[in-house]
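This report describes a structure with attention to its cores, its domains and the contacts between its parts. The sequence and the structure are shown first.

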Amino acid sequence: MNGQVSARIVKKESIETWINDLRRDYEAYAPVAAGKVASFRRIERAAEIDWNYSSTTIPPSKIIYAPQQSLVRFVKSDKGYQVEEDAAVIADRALLAVHPCDLHGLLVLERTFLGQMKDAAYERVRSRVTVVGLNCQTVGEKCFCASFGTGPFFGFWMRQGPPFGCDAILTDLGERFLVETFGEKGEMLFVKVKSSPPSLDDIGEKFKREAAAKERFRKTLNTRDLPALMRRNLYHPTWRITGEGKCLSCTNCTMVCPTCFCYDTWDKALLDLSVIERARRWDSCQDERFAEVHGGNFRSTHEARLRQFVCHKLSYWVEQYGCFGCVGCGRCMTWCPTGIDLAEIAAEIRADEERK
Amino acid sequence: MNLQLPKEALLVATKNRTPDTRSFTLRLRDGQERLDFRPGQFNMLGLPGFGEAPITFSAPPQQDGTFEHTVRAVGRLTKGLMKLKPGDTIHVRGPFGTAWPLDQVKGKDILVVAGGVGMVPLRPFILEAFRRRSDYGKIVILFGARTPGELVFREEFDSWRSQAQTTLLLTVDEVPPGEEWKGHTGVVTGLFAETDIDPGTAAVLTCGPEIMMRFVARGLILRRFSPARIHVSLERRMRCGTGHCGHCQLGPKFICKDGPVFRYEELSGLPDTLL
């Protein structure tokens, strides 16, 4: 992707027309109001989009990294099973109105799947996906993206410029949107849309709204020296107290996390064994069997599993990928049935160290 | 390149090593292609319907392009492999992972400590070191198994002992009725006392149950071996071999790509291991 950035003002009704037209070439996914919480769903019309959503249960990165995916097929012939690459047709998809925390979730996830060793199954889907972000003005009570610099507005992160992770980003300025496009792909998306150049006032309005959104955060996570802090406290009593006292190992935290990548594989066969498909499905470090080996289990306790989740996100990840594994979206704590909060655990550990 | 796509390998020959452990000699079916690997690395071996498992190479690369894996039948896939006959196909992906430091330990005395099938990943190193015998100083091999019958590769021990400056010491935990054993009994660390090797310069390579490697590494550090020159090979379940499935993570390490061979000091202080 090149670094070309351009900006324009598009009226809300023109954006809706654009989305309705986009539907001809793409399967479009966007936040749709559904009960108390919005969810990313395939939409048919722009009117379905909930522009004021705060968060969703399942993050949009997991529309790309689906719960199950075929990896390889074995087809029986007279010479035994022949290996076949999965060749199912993948439609072009557009992920619309993705908040910056989730855009970063995608960037983080892709340090795993599109890093030195590429995951071909992920890459195949990703190459057909267009991502349009929406700067977030609806900070929720569990949101703390500002602590990681991953929101509420999309900006520079990890010294990468904005042209990474999405093709365009929208900012709602009332009855009109500021549309910033990144690279040729982003530019081409809007080339036929009725627009006008942004005025200085429009740019000023964006910054005003960003400042206002930042004011709304009630939750923070102090990231200063955080990876080393966690590494120094791998045997802090909170792992046992919180893990054994509260954690149910239900795996919700990992299912809703935008950056969790772990999977299990299994072979499924047609009854006549003519075709065997090797597929993957999300797995979770919170599942009791996750770290089983022949003759034992390296994380047989809630304590060890909770420590793995929290320390992976806040410490190990930095060593593995040069970034945190947490983007501050707040989903793990929102969907934890017993309210385990990774930010509170980190704060508790920090407070204990400072007291010493 | 799709790293999840297996290649077909022809099963050329099998050889029983112990009652539940068998060696498989393989060759890629695709034309002239050879598998380029180093001692200590592993392949994902798979059978359609049985899944895959990470299995180490048990011999160095061969002139004729064949490669060897030695497998103990303990799980679904490994038991499935035991049903195969020469001419059958095994699917392979790899090689993956880090290798034993064959070049870095040149000129040094080498202490190899193996437990049970932990000898399997060490054997390609041992055979390769014998092939370039003058590159290394003394080679001392300590090998422990539960019973004499589980001392894998024992038909080769005479030839190992006949190498210059090479010592092989064996020990078993117990001798079942009917088996004959005149050697040591007890844990492998019990052989340290009989090991004549200079801790100041020697390199250590060890593989076995983690609890064994714990006592090997810590016991040797107490005997003034350097944790920077103790190399361990770890094992976890793996689904991918490419650092994506997450199963093999140990703290910040992916055992599939940062390991399986690590310097002991790299792993110090990590939880969820017995090391």
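## Nonpolar cores

In the largest nonpolar core, which has 110 residues, A:Leu96 and A:Val132 touch the most other members. A nonpolar core is here a set of buried Ala, Val, Leu, Ile, Met, Phe, Trp, Tyr and Cys residues joined through C-beta atoms within 7 Å. A residue is buried if 20 or more other C-beta atoms lie within 10 Å of its own, exposed if 12 or fewer, and partly exposed in between, with C-beta atoms placed from the backbone. Apart from neighbours within four places in sequence, A:Val132 has contacts that include A:Leu95, A:Leu96, A:Cys166 and A:Leu170. Two residues are in contact if their C-beta atoms, placed from the backbone, lie within 7 Å. A second, separate core of 44 residues has among its members B:Val113, B:Leu142, B:Leu151 and B:Val261.

This is a predicted model, in which local features need pLDDT of at least 70 and side-chain atom pairs count only at pLDDT 80 or more, while totals for chains, interfaces and linings use all residues. Residues are numbered from 1 along each chain as its sequence is written, and chains are lettered from A and ligands numbered from 1 in the order in which they are written.

## Contact between the chains

Chain A places 37 residues in contact with 30 residues of chain B. Elements of chain A that each supply at least two residues to this side include β4 (68-77), α3 (100-113) and α11 (302-321). Helices (H or I, at least four residues) and strands (E, at least two) are DSSP runs, numbered from the N terminus. By class, the side of chain A that touches chain B has 23 nonpolar, 6 polar and 8 charged residues. Ala, Val, Leu, Ile, Met, Phe, Trp, Tyr, Cys and Pro count as nonpolar, Asp, Glu, Lys and Arg as charged, and the others, Gly among them, as polar.

## Domains of chain A

Chain A consists of domain 1 (5-66 + 87-215) and domain 2 (226-266 + 282-355); such bounds come from an automatic or database domain assignment. The centres of the two domains of chain A, taken over C-alpha atoms, are separated by 28 Å. Domain 1 of chain A brings 23 residues into contact with 18 residues of domain 2 of chain A. On the domain 1 side, α3(A) provides the largest share, 9 residues.

## Domains and strands of chain B

Chain B is assigned domain 1 (7-96) and domain 2 (110-267), with 22 Å between their centres, taken over C-alpha atoms. Their contact involves 19 residues of domain 1 of chain B and 20 residues of domain 2 of chain B. β6(B) gives the most to the domain 1 side, with 3 residues.

β6(B) also pairs with β1(B) in the antiparallel sense over 4 bridges, and B:Ala9 has B:Ile90 in β6(B) as its bridge partner. Two strands pair if DSSP finds at least two bridges between them. A further antiparallel pairing, over 8 bridges, joins β1(B) to β2 (residues 21-28) of chain B. These two strands, β1(B) and β2(B), form a hairpin with 2 residues between them.

## Backbone features

Most residues other than glycine have a negative phi, and most peptide bonds are trans. The peptide bond from A:Gly151 to A:Pro152 is cis, with omega near 5°, and A:Pro152 lies in the loop between α5 and β8 (168-172) of chain A. A:Ser249, a residue other than glycine, has a positive phi near 55°. A:Ser249 counts as partly exposed because it has 17 C-beta neighbours inside 10 Å.
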